[in-house]
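Here are my notes on the model, written as numbered points so that you can follow along with the structure open. Have a look at it first.

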Amino acid sequence: MQNPSSLLILFTISFLLSSCAGRLAVPENSFGEEIAPASPDYGEAKFWSSLPELRDSADLTPPGASRENQEEALADVFFIHPTIFDGGSAWNADLGDTELNEKVDRTTIRHQGSAFNESCRVFAPRYRQMVLGGFYAKTPEDNESKEKALDLAYEDVKQAFQHYLENYNEGRPIVIASHSQGSRHGVKLMQEFFDGTALQDQLVAAYLLGWPIRPSEFKQLPVCEGPTQNACVIGWATWKKNTRFKEDRKKFYEGVIAVNPLTWETDPTFVPASQHQGMLKGDYKTFKRQFSGVEIQNGVLWVKNPVAPLPAKNYHIADVNYFWLDIRANVAERVEAFLE
């Protein structure tokens, strides 16, 4: 029989999986055979999961964490949420779906977006995200639909960011943060708006997590090599230490950006759990501090749990929660370095 600690950890992972799991079937229709959901108008607050003037899930803070401080924050974060849409036959989510919007808010905005609310005002757009099943496309036709659906989703993200720049930024430092599908869009946003442009001078850092990103995708933006470096890119994918990858998985991660969130460096040396500030559990009430040692191997983060082992091997769903306190502290450190 599992001890209570193991059961609580199992519950945590199960809870987190609910934000990015469900029906994995590819939509039966091709992208062009359906009418796309209505496009958003980012001048209306209803098309945002989080805005500074709204009371929303990104304003929350778990007990034991530093307080939310958006009113006094001197930087902004533009947060692009991961895939939450997992149902129906449509390739892209309908932003009029109240149930889906509420799910986005109570999962990724609360558990991920709120990690930035001490040092940044949080801006998180709703967008016509591609359905989760689209990532399981195998045929040429389905892959074509997948790319078109992702492009539609990115157009929303792009419009939201343009609206943010024109109406809210006013020259403030910018953090870009994202996870999974959101990081796919985050890469394109960085390429289009920051890489080698004047806006790069306003970039604190880009936390593009849970998506395979290679340094060659950027012309001038470097990989972050230290905890206070600015105008650089951070990425990682979290796996259980000593997971055996098949050849296709090894190639998938070959050369991918991997920054250790315990040191904020790319050094592959194992870093002990004593340097892990803390994982946020699924109850949004408690932290597991000094929980895991971490090392970088072949483009991924390998985590080793010294107490009770987690039941899964791929911790993709917990890429942010696993290092919630580490991210929160590092954003504050980078913003301070930027302002100095």
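1. Strand β7 (residues 238–240) runs parallel to β11, and three bridges connect the two. Within this pair, tryptophan 239 faces tryptophan 302 of β11. In any sheet, strands pair through backbone hydrogen bonds, in either a parallel or an antiparallel sense.

2. A word on the source: this is a predicted model, in which local features need pLDDT of at least 70 and side-chain atom pairs count only at pLDDT 80 or more, while totals for chains, interfaces and linings use all residues. Residues are numbered from 1 along each chain as its sequence is written, and side-chain values use heavy atoms, with hydrogens and water left out.

3. Strand β11 has another partner to look at: β10 (residues 293–297) is joined to β11 by five bridges, and these two strands run antiparallel. Valine 294 is found opposite valine 303 of β11. The two strands make a hairpin with two residues between them, and asparagine 298 in that turn has a positive phi of about 55°.

4. Put together, this gives an open sheet of three strands in the order β7-β11-β10, with mixed pairing. β7 and β10 are at the edges with a single partner strand each, so one side of each has no neighbour in the sheet. On average, neighbouring strands here are turned by 35° against each other, direction ignored; the angle is taken between axes, lines fitted to C-alpha atoms (for helices over the stretch in contact), with N-to-C directions giving a range from 0 to 180 degrees. Strand β11 (residues 300–304) is mostly covered, with four of its five residues buried. Buried means under 20% relative accessible area, exposed means over 50%, and partly exposed is in between (1.4 Å probe, protein chains only).

5. The model also has an open sheet of six strands, ordered β1-β3-β2-β4-β5-β6 and mixed in its pairing. Its edge strands, β1 (48–50) and β6 (233–234), each pair on one side only. Inside the sheet, β2 (residues 75–80) and β3 (residues 120–125) are parallel over four bridges, and aspartate 76 stands opposite arginine 121 in β3.

6. Helix α2 (residues 98–111) lies across β1, β2 and β3, at about 45° to β1; contact here means heavy atoms within 4.5 Å. Histidine 111 belongs to this helix and is buried, at 3% relative accessible area.

7. What space is enclosed? Three cavities of 30 Å³ or more turn up in a search of the whole structure. On a 1 Å grid over the protein atoms alone, a cavity is a set of points where a 1.4 Å probe fits but cannot get out, and a pocket is an open set with protein on both sides within 12 Å along at least five of seven lines; lining residues have an atom within 4 Å of a point. Grid points are joined across faces, edges and corners, and the volume is the space filled by probe spheres set on them.

8. The second largest cavity holds about 50 Å³. Its lining includes Ser49, His81, Asp94, Leu100, Asn101, Val104 and Tyr127, and α2 gives the largest share, three residues. The lining divides into five nonpolar, four polar and two charged residues. In this count Ala, Val, Leu, Ile, Met, Phe, Trp, Tyr, Cys and Pro are nonpolar, Asp, Glu, Lys and Arg are charged, and the others, Gly among them, are polar.

9. The second largest pocket has about 160 Å³ of space. Among the residues that line this pocket are Phe85, Asp86, Asp97, Glu99, Lys103 and Arg106.

10. Finally, two loop residues deserve a look. Alanine 231, between β5 (203–209) and β6, has a positive phi of about 55° without being a glycine, and counts as buried at 16% relative accessibility. Asparagine 242, between β7 and α5 (247–253), likewise is not a glycine but has a positive phi of about 70°; this asparagine is exposed, at 54%.

Key: Two strands pair if DSSP finds at least two bridges between them.
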